[in-house]
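Welcome, and please take a moment to look at the model below. The report that follows walks through it one region at a time.

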Amino acid sequence: EVLVRLGNICCGLGRYQDACDAFMLGVRKWPCGTTWMGVGVAYYRLGNYHHAEQAFNEANLLNNLNPRTWAYIITLVCLKQCPGREEEADQAFHQALQLNLTDHAILIEIGAEHLRLNRLKLAQAAFSKSNASKETPTAHLLLGITYTQLRKYSDAGKEFVIARDTATEEGERAKAVEELEILGRLRDEMVE
């Protein structure tokens, strides 16, 4: 338990190699889903997707009811690691949702990956679920961008307004205002 806490603290500080070392020591002393999950997160944050996936698979074997494991295991690892694993990623994403994934940060990350890959319906689902879990200006902004690409301009405008009005950082507010201006130009072009 102390090693898991240490690993989590190191992850929180962005010291992912130290986190990985702490979690690996924890795996040697207490191999369970939690320690393997920590190893996977640390490797994932280090960009070592192959080792991350191995660790997430171990965590999933020990506890296949953890929605965060499903979220990381394939949704993020498969989408980042290589093309051609989208179906596998979709299955893992749906499994994570069935297990009631509510970690808004992971949902935003999943949505961003789907948005990057132009998988707009899945991006919309992830950002919407994130907002249902915990509304954030970031999720509203990204959902607005997704709606814009889906040509759901009215929905996009609503999301950008929420992002602008709830932003606590000037950068977020400025991005929401910029997106509203772009949306206004798109609407003007449609009228002409």
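## About the model

This is a predicted model, in which local features need pLDDT of at least 70, side-chain atom pairs count only at pLDDT 80 or more, and totals for chains, interfaces and linings use all residues. Residues are numbered from 1 along each chain as its sequence is written, and side-chain values use heavy atoms, with hydrogens and water left out.

## The chain as a whole

Let us begin with the overall picture. The protein chain has 11 helices and 0 strands. Here helices (H or I, at least four residues) and strands (E, at least two) are DSSP runs, numbered from the N terminus. Read from the N terminus on, the order of elements is α-α-α-α-α-α-α-α-α-α-α. Along the principal axes, the C-alpha atoms of the protein chain fill a box of roughly 65 × 35 × 25 Å.

Of the 192 residues in the protein chain, 45% are buried. Buried means under 20% relative accessible area, exposed means over 50%, and partly exposed lies in between (1.4 Å probe, protein chains only). The protein chain exposes about 10000 Å², and carbon and sulfur atoms supply 52% of that area; accessible areas come from the Shrake-Rupley method with a 1.4 Å probe, and for residues only the protein chains shown count as cover.

Contacts (heavy atoms within 4.5 Å) tell us about links along the chain. Among those in the protein chain with a separation of 6 or more, 49% are between residues 24 or more positions apart. As for charge, the protein chain has 21 positive and 25 negative charges, and their mean positions are 3 Å apart. In this count Lys and Arg are positive and Asp and Glu negative, while His and the chain ends are not counted; each charge is placed at NZ of Lys, CZ of Arg, CG of Asp or CD of Glu.

Helix α3 covers residues 33–46. At 1.5 Å a residue, its 14 residues should span 20 Å, and this agrees with its end C-alpha atoms, which are 20 Å apart. The expected span is 1.5 Å times one less than the number of residues in the helix. An α-helix has 3.6 residues a turn, so residues three or four places apart point the same way.

Is α3 mostly covered or mostly open? It is mostly covered, with 11 of its 14 residues buried. The buried residues include G33, W36, G40 and Y44.

Y43 is placed in helix α3, and at 18% relative accessibility Y43 counts as buried. Not counting residues up to four places away in sequence, Y43 touches C20, N48, H51 and A52. The C-alpha atoms of Y43 and L186 are separated by 41 Å, and these residues are 143 residues apart along the chain.

## R85, between α5 and α6

R85 sits in the loop between α5 (67–81) and α6 (86–98). Is R85 buried or exposed? R85 is buried, because its relative accessible area is 16%.

Leaving aside neighbours within four places in sequence, R85 is in contact with E53 and C78. The side chains of R85 and E88 are joined by a polar contact of 3.0 Å. A polar contact is a pair of N or O atoms within 3.5 Å; within protein, one must be able to donate a hydrogen and the other to accept it, and residues adjacent in sequence count only if both atoms are side-chain atoms. The C-alpha atom of R85 is separated by 25 Å from that of A139, 54 residues apart along the chain.

## Around R119 and D90

R119 lies in the loop between α7 (104–116) and α8 (120–133), and R119 is buried with a relative accessible area of 18%. Which residues does R119 touch, not counting those up to four places away in sequence? They are L79, E86, D90 and H114.

D90 belongs to helix α6 and counts as buried at 17% relative accessibility. With the residues up to four places away in sequence not counted, D90 touches H114, R119 and L122.

## Two loop residues with positive phi

N118 is found in the loop between α7 and α8. Its phi is near 60°, a positive value in a residue other than glycine, and N118 counts as exposed at 52% relative accessibility.

R151 is found in the loop between α9 (137–149) and α10 (153–166). Phi of R151 is near 65°, again positive in a residue other than glycine. At 67% relative accessibility, R151 counts as exposed.
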